[in-house]
Amino acid sequence: MASQRGKALLLLTLLAALVLVAPSAVAQNCGCSSDMCCSRFGYCGLGDDYCGTGCQSGPCNTPTNTATNDVVVGDVVTDAFFNGIIGQAADTCAGKSFYSRAVFIDALNSYPRFGRVGTVDDSKREIAAFFAHVTHETGHFCHIEEINGASGDYCDEDNTQYPCNPNKAYYGRGPIQLSWNFNYGPAGDSIGFDGLGAPETVANDPLVSFKTALWFWMNHCHTAITSGQGFGATIRAVNGALECDGGNPSTVQTRVRYFTEYCSQLGISTGDNLTC
């Protein structure tokens, strides 16, 4: 779950530093000139690696279609749909009394583009993709925190923009198991909680917890699924090389199976490019 995604994100960070950084790039955490993009990993440059998904500032690429449709996400994520997922978790699961459809719907108010871009089928496909990953990451909403996560602190000491608190651990928490200081810091800034000083908030406050999942999704997965890249692109965004390109094909197939199941429930096709 989160340990895999966290390692994948760290790997991508290192790749960004060692491979993708253009000669004109400056140190991590940006400080770019106005004509350069600040990538989601904190490096300056141009092109999709810098100006695409997660671009923080500068001439970032924006979707051609910025309009939202008339889909009401709550009409798609019905009680039956949500309960069909969490209902498979054991009564002893901590998440059974933590996660709820009502809180998810409340969290959506901060992310009005989620599930509302493109056609109605596109919207349902994004919703199915989100819940497929959530199902896998939490075991049908069973887990609030990463299993055995406390055994690691998930601190990227090279990230000086979001320095680790030595008394805190940044292992996976929440519906998409937010991990690492370089995610807790900006998520906290965006949502309004102390991500670096109080990462445990994600496991204590259901609304913050769902907001972190939606924050991660909108910054790393939304464009991939709404631009037609397919579900496989969201797997790569969530867990990268640890699952994709032969890293863990069985886990990829598990995610695909959930996605296919939810697309079927919502009466839509899965689209192309299911795997990564």
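## A charge over a ring

Arg257 lies over the face of Tyr258, 4.9 Å from the ring centre. A charge counts as sitting over a ring if NZ of Lys or CZ of Arg is within 6 Å of the ring centre and within 35 degrees of the ring normal. Arg173 gives another example: its charged end sits over the ring of Tyr171, 4.0 Å from the centre.

This is a predicted model, where local features need pLDDT of at least 70, side-chain atom pairs count only at pLDDT 80 or more, and totals for chains, interfaces and linings use all residues. Residues are numbered from 1 along each chain as its sequence is written, and side-chain values use heavy atoms, with hydrogens and water left out.

## The overall plan

The protein has twelve helices and two strands. Both kinds of element are DSSP runs numbered from the N terminus: helices are H or I, at least four residues, and strands are E, at least two. Along the sequence the pattern reads α-β-β-α-α-α-α-α-α-α-α-α-α-α.

The protein has 276 residues, and 51% of them count as buried. Buried means under 20% relative accessible area, exposed means over 50%, and partly exposed lies in between (1.4 Å probe, protein chains only). Contacts can also be sorted by distance along the chain. Take those between residues at least 6 apart in sequence: 64% join residues at least 24 apart. Contact here means heavy atoms within 4.5 Å.

## The nonpolar cores

How many residues does the largest nonpolar core have? It has 63. Such a core is a set of buried Ala, Val, Leu, Ile, Met, Phe, Trp, Tyr and Cys residues joined through side-chain atoms within 4.5 Å. The residues with the most contacts inside this core are Phe104, Phe114, Phe130, Phe131, Phe141 and Trp217. Helix H9 (residues 206-220) supplies the largest share of the core, eight residues. Another core lies apart from it, with five residues, among them Cys37, Tyr43, Tyr50 and Cys55.

Now look at Phe104. Leave out residues up to four places away in sequence, and Phe104 touches Val73, Val77, Phe114, Phe130, Phe131, Phe210 and Leu214.

## Aromatic pairs

The whole structure contains 20 aromatic pairs. Rings of Phe, Tyr and Trp (its six-membered ring) pair if their centres lie within 6.5 Å; planes under 30 degrees apart are stacked, over 60 edge-to-face, and the rest tilted. Phe98 and Tyr99 make an edge-to-face pair, 5.2 Å centre to centre, with 85 degrees between the planes. Phe98 counts as buried because its relative accessibility is 10%. Tyr99 is buried too, at 3%.

Phe231 and Phe259 are stacked, 4.3 Å centre to centre, with 0 degrees between the planes. This pair links distant parts of the chain: Phe231 is in helix H11, Phe259 is in helix H12, and they are 28 residues apart. Phe231 is buried, with a relative accessible area of 0%. Phe259 is buried as well, at 0%.

## Salt bridges

There are eight salt bridges in the structure. Each is a side-chain nitrogen of Lys or Arg within 4 Å of a carboxyl oxygen of Asp or Glu. One joins Lys96 and Asp91, whose closest N and O atoms are 3.0 Å apart. Lys96 is partly exposed, at 26% relative accessible area, while Asp91 is exposed, at 69%.

Another joins Arg125 and Asp122, at 3.2 Å from N to O. These two are three residues apart in helix H6 (residues 120-138), so about one helical turn separates them. Arg125 counts as buried, at 14% relative accessibility. Asp122 counts as partly exposed, at 29%.

Arg255 lies in helix H12 and Glu137 in helix H6, so the pair ties together parts 118 residues apart in sequence. Both Arg255 and Glu137 are buried.

Glu243 sits in the loop between helix H11 (231-239) and helix H12 (249-265).
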